[in-house]
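Here are my notes for you, written as numbered points. Keep the structure open and click along as you read.

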Amino acid sequence: MELISENKVFGGWHKRYKHTSIVNNCVMTFAVFLPEQVASGERVPSLYWLSGLTCSDENFMQKAGVFEYANEHGIAIIAPDTSPRGEDVADDSVGAYDFGLGAGFYINATQAPFSRHYNMYEYITKELPALIEANFPLNGKKSISGHSMGGHGALVIGLRNSQDYESISAFSPIVNPINCPWGQKAFKGYLGGDTATWNEYDATILMQTSSYERKLPIKIDQGAADQFLESQLKPENFVKAASANNFEVDYQNHEGYDHSYFFISSFIEHHIEFHANFLK
């Protein structure tokens, strides 16, 4: 790892690093917030945050206002990038925001040329945690959260790897990507035309077709004024599937709030408190 920058904030430290990723075959960037408790030798739990379309590790760390609450509860925050990057990394042919760079969708691509780099599922579930746990004073307990495309990633990764996490939360997640334009475009490009292979990356399908011996606590917050609510997000599909599976989900709909970080910063304190209940 190579340290890019570090800043003290609310008693803890925000640090950015870059490293060579084997699974993504490129240099990846991530950010870490370490609460002040680590200075006294305490090993702390961690919360992985997955950001949405067009974002990098910087959006959440700079806009969400999370540091005060993470420091209060003694939780480290891990914020990876949303996709591989670099001059030789394949991108959308016309540079669209919803596919290619900045839009990895937290899946393992199987279609050329994207399969050479776009293996974000393995990066988030295997490579990055191994790197983080080998280099930072963590206690091994972790939870996962995200926004929009990152909310999709948090739900899918948490459901498929429930033994590795303590809780899941999401802001405005894409819960049923096989039935929305963003997801259909990304899955066809990364996974090909066999739609059966798409199901393992769809949280609603996973909830409909899987039984869970370990049912992680799930919290979802959605803005009622979100411009993507009806066309892309479709949270009611996931909530209905969870109810049918006897899987409790804390779903809250908030009048007047949109898809932006103004929404996230308004409720991030509640998400940190939610995860702290299970990480401790």
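1. A word on "buried" before we start: a residue is buried when its relative accessible area is under 20%, exposed when that area is over 50%, and partly exposed in between, using a 1.4 Å probe and protein chains only. You are looking at a predicted model, where local features need pLDDT of at least 70, side-chain atom pairs count only at pLDDT 80 or more, and totals for chains, interfaces and linings use all residues. Residues are numbered from 1 along each chain as its sequence is written, and side-chain values use heavy atoms, with hydrogens and water left out.

2. Start with methionine 149. Because its relative accessible area is 0%, methionine 149 counts as buried. You'll find methionine 149 in helix 4; helices (H or I, at least four residues) and strands (E, at least two) are DSSP runs, numbered from the N terminus. Leaving aside neighbours within four places in sequence, methionine 149 has contacts (heavy atoms within 4.5 Å) that include Ser51, Leu53, Tyr106 and Ile174.

3. Next, hop to aspartate 221 in strand 8 (residues 218-223). Aspartate 221 has a relative accessible area of 2%, so it is buried. Which side chains does aspartate 221 join by a polar contact? One is lysine 219, at 3.4 Å, and another is histidine 254, at 2.4 Å. A polar contact here is a pair of N or O atoms within 3.5 Å; within protein, one must be able to donate a hydrogen and the other to accept it, and residues adjacent in sequence count only if both atoms are side-chain atoms. Not counting residues up to four places away in sequence, aspartate 221 also touches others, including Ala170, Phe263 and His271.

4. Is glutamate 166 buried or exposed? Its relative accessible area is 19%, so glutamate 166 is buried. Look for glutamate 166 in the loop between helix 4 (149-160) and strand 7 (168-171). The side chains of glutamate 166 and arginine 214 are joined by a polar contact of 3.0 Å. Beyond four places in sequence, the contacts of glutamate 166 include Lys141, Pro217 and Phe278.

5. Helix 3 (residues 120-135) has a kink of about 35 degrees at leucine 128, shortly before proline 129. The bend at a residue is the angle between axes fitted to the seven residues ending there and the seven starting there. Among the buried residues of helix 3 are Met120, Tyr123, Leu128 and Pro129. The buried residues of helix 3 pack against strand 2, strand 3, strand 4, strand 5, strand 6 and helix 4.

6. On a 1 Å grid over the protein atoms alone, a cavity is a set of points where a 1.4 Å probe fits but cannot get out, and a pocket is an open set with protein on both sides within 12 Å along at least five of seven lines; lining residues have an atom within 4 Å of a point. The largest pocket is lined by 13 residues, and Leu53, Thr54, His147, Phe228 and His259 lie nearest its centre. The lining of the largest cavity includes Val44, Glu133 and Lys142. Strand 6 gives the most to that lining, with five residues.
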